[in-house]
Amino acid sequence: MSPGAALAVLTSVVVAALLAAHTVSLAVIALVLALICLRARGRYAWVYVVGITISALTIFVLTPFVETLGSHPLWTGPVIPVVGQLDVTREELWSGAHGALRLAAFGLAFASYALLIDHDRLLGAASFARRFVLTVVLATRLAPTLERDARGLAESLRARGVEVHGLRGRGRLLSPLIGGSLERSLNLAEAMEARGFGRPGRTHVPAARWGAADRLACVGAAALIVVGALWL
Amino acid sequence: MALAKLESVSYSYPDADVPALDCVSLDIDPGEIVLVLGSSGSGKSTLLRALGGLVPHFHGGTFAGRVDVCGLDTRRCRPAELAGLTAFVFQDPDEQVVLNRVDRDVAFGLENIGVPAREIMPRALRALAAVGADELALRRTTELSGGELQRLCLAAALALAPRLLLLDEPTSQLDPAAAEDLLDLAVGLGRERGTAVVVSEHRPARALERADRVLFIERGRVIIDADVDHAEAWLRANRPEYVLPPPDADDLPSCAEVVCRLSRVTYAYGDRLAVRRRDLELRRGEIVALLGPNGSGKTTLAKLAAGLLEPQAGRVERRGRASLLLQDAGRHVVCDRVQDEVALSVGGDGTRARSALALVGLADKIKRHPRDLSSGERERLALAAVLVSDPDLLVLDEPTKGADPPRKRELATLLRTEAERRATLVVTHDVDFARAVADRCVDLTAARETAYV
């Protein structure tokens, strides 16, 4: 499948997840996307899946404490100044699960885009807004680049006999990581300018023609949005 | 008629106290191979950037004078508009790759300059073949080694068929044979197509053999601009470290206890075997140089010796503390002040940090932010950060990368002075430096060992 068609399908999945009213539908969407993500080579798939799972669980755990919803309390806690009485109702849990699954679906769709779509071909296929597409493609590379830089920093410290332990130790790497990332982006921008980026009259490598599968995928994507709006 | 012309060019980077280029005037003719020499921070890279239009357009700052390239005034044309007439290979290949696949990255520049769509890929593939990297065409750029990335960057530059090729230390990550190949290639293609090549190099010997003309820059000024014979004579008289090999290492007292012993060690990254059944013994008081081509397992062996990796087979015995200076360690700074960065290795001991900084000539920079230092100063900072803990085993991975000849001599002297305190292992591509600093060399190409004393 061409990257353009694959992106259309992923976009439709995100739209369907945003429109879906039933928690079970969201769970199915998230599960399918998780399976697609795990097809990707390498360990980055696990990094994405674990990160998204932690974020979704956080939403699930916090929602009952910040929402006031429903009349079927499962647990009643103390009264906290300003916040009021803490309680957990069945409806709040359900709402938390809904929000968590929606976030998971969104995150997993992005992970599938980052891990499985050929970004070079996507850029080549973009017949308009190429600057925007290139920016998105470069931004997608940020996560693995930061991870590689973080490993380099930790290794460099270990080589000096300084161990990086715990959240505080890792937190200390954040500022140098951002500094390094800014430095890298400036160097890349300079190299791109020297290679003619931004000059008018740009051409591009001819993109492969869309096949029947690509057209079918686009029809399926449109159908998924309709189904999401009406039945999910 | 000159292909490029600089007329009284002066340039200062924003917030800089001294100019990076100071009243530079010169002409570059078509097909000319110009070697630019000078110490770190002397203005070599800035000169190349001025020729590519990146100075002042990209960096800002104060610019005076005029640079014409192929009849275009670089102050009126943006660097992107000069692309194709000029092509640039920067020092760090890792930071100039834009796309994920090798052939598409080479095609990126061709697309930007508007090469007809059907010609783009054939031209990209021809450029890759010209640098001997055609087998890399379908590889992911993130999987390439430093040497492979440098070939890719050269291919991307050559694909543009420029009239002026600007190479800023293009061989910094290559072993001697690969570096010679790459220079031969750039120079050969330059001569074949009439392309002028301006190359800045810290390992001048091989570039001197190929150049037509030499510029020596100091504090932004061109001190000498002459043909190779005259320039060599001038260098021999005034800057001998650029042309004469450094003196061989002096005898050291006989070696004593073994600080580190690697016995039949093996290590693989996934299914790629990096080190296979290697033996190595490092004694207190000796300096051992580890040589070998790109990909021969030097860095892996260094990491095994320092304890950063555990062998998958074989055994490593180590006595005392080991410290390793990684490649590009200057990039990995954590603290906001130079002194704190060094003190981090010794639990915040500022006194020891200041002594170590004085040892590497950075005593006056202790309050600066590490990212405000030049790249050469950052490498010295990284060296201070490993020396400060006074390790029993010191492992240095490519410590001369990007270092000018005087700096290499200083480093060799420092390591020799400190040698008795510890065992030292130096991984390097620089054979002259190895000869100057090491008691013996281990060449991983043929697992050959040479004693220098």
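This is a predicted model: local features need pLDDT of at least 70, side-chain atom pairs count only at pLDDT 80 or more; totals for chains, interfaces and linings use all residues.
Let's start with two helices of chain A. Two packed helices are described by the angle between their axes and by how far apart those axes are. Here, helix α4(A), which covers residues 90-116, packs with helix α6(A), residues 130-140, at an angle of about 95°. Their axes are 10 Å apart. Angles of 65 to 115 degrees count as roughly perpendicular, so α4(A) and α6(A) are roughly perpendicular to each other. On the α4(A) side, the residues that take part in the contact are Phe110(A), Tyr113(A) and Ala114(A). They meet Val136(A), Val137(A) and Thr140(A) of α6(A). Sorted by class, this contact has 5 nonpolar residues and 1 polar residue, with no charged ones.

A pair of aromatic rings is described by the distance of the centres and the angle of the planes. Over all chains, a search of the whole structure picks out 10 aromatic pairs. In the pair made by Phe110(A) and Tyr113(A), the ring centres are 5.7 Å apart and the planes sit at 50°, so the pair counts as tilted. Both residues belong to helix α4 of chain A, and they are 3 residues apart, about one turn of the helix.

Next come the empty spaces. Rolling a probe the size of a water molecule over the atoms shows where empty space is left. The structure holds 6 cavities of 30 Å³ or more. The largest cavity has a volume of about 130 Å³, and 14 residues line it. Nearest its centre lie Ser172(B), Arg203(B), Thr400(B), Lys401(B) and Gly402(B). By class, the lining of the largest cavity has 7 charged, 6 polar and 1 nonpolar residues.

The second largest cavity has a volume of about 70 Å³. Chain A supplies Ala194(A) and Arg195(A) to its lining. From chain B, the lining includes Ala87(B), Phe88(B), Gln96(B), Cys153(B), Ala156(B), Ala157(B) and Leu160(B). Two elements of chain B, β6 (86-89) and α6 (146-159), each supply at least two residues of this lining. Of the elements, α6(B) gives the most, with 3 residues. By class, the lining of the second largest cavity divides into 7 nonpolar, 1 polar and 1 charged.

Methods. Residues are numbered from 1 along each chain as its sequence is written. Chains are lettered from A and ligands numbered from 1 in the order in which they are written. Side-chain values use heavy atoms; hydrogens and water are left out. Axes are lines fitted to C-alpha atoms, for helices over the stretch in contact, and angles run from 0 to 180 degrees between N-to-C directions. Helices (H or I, at least four residues) and strands (E, at least two) are DSSP runs, numbered from the N terminus. Angles under 35 degrees count as roughly parallel, over 145 as roughly antiparallel, 65 to 115 as roughly perpendicular and the rest as oblique. Contact means heavy atoms within 4.5 Å. Ala, Val, Leu, Ile, Met, Phe, Trp, Tyr, Cys and Pro count as nonpolar, Asp, Glu, Lys and Arg as charged, and the others, Gly among them, as polar. On a 1 Å grid over the protein atoms alone, a cavity is a set of points where a 1.4 Å probe fits but cannot get out, and a pocket is an open set with protein on both sides within 12 Å along at least five of seven lines; lining residues have an atom within 4 Å of a point. Grid points are joined across faces, edges and corners, and a volume is the space filled by probe spheres set on the points. Rings of Phe, Tyr and Trp (its six-membered ring) pair if their centres lie within 6.5 Å; planes under 30 degrees apart count as stacked, over 60 as edge-to-face and the rest as tilted.
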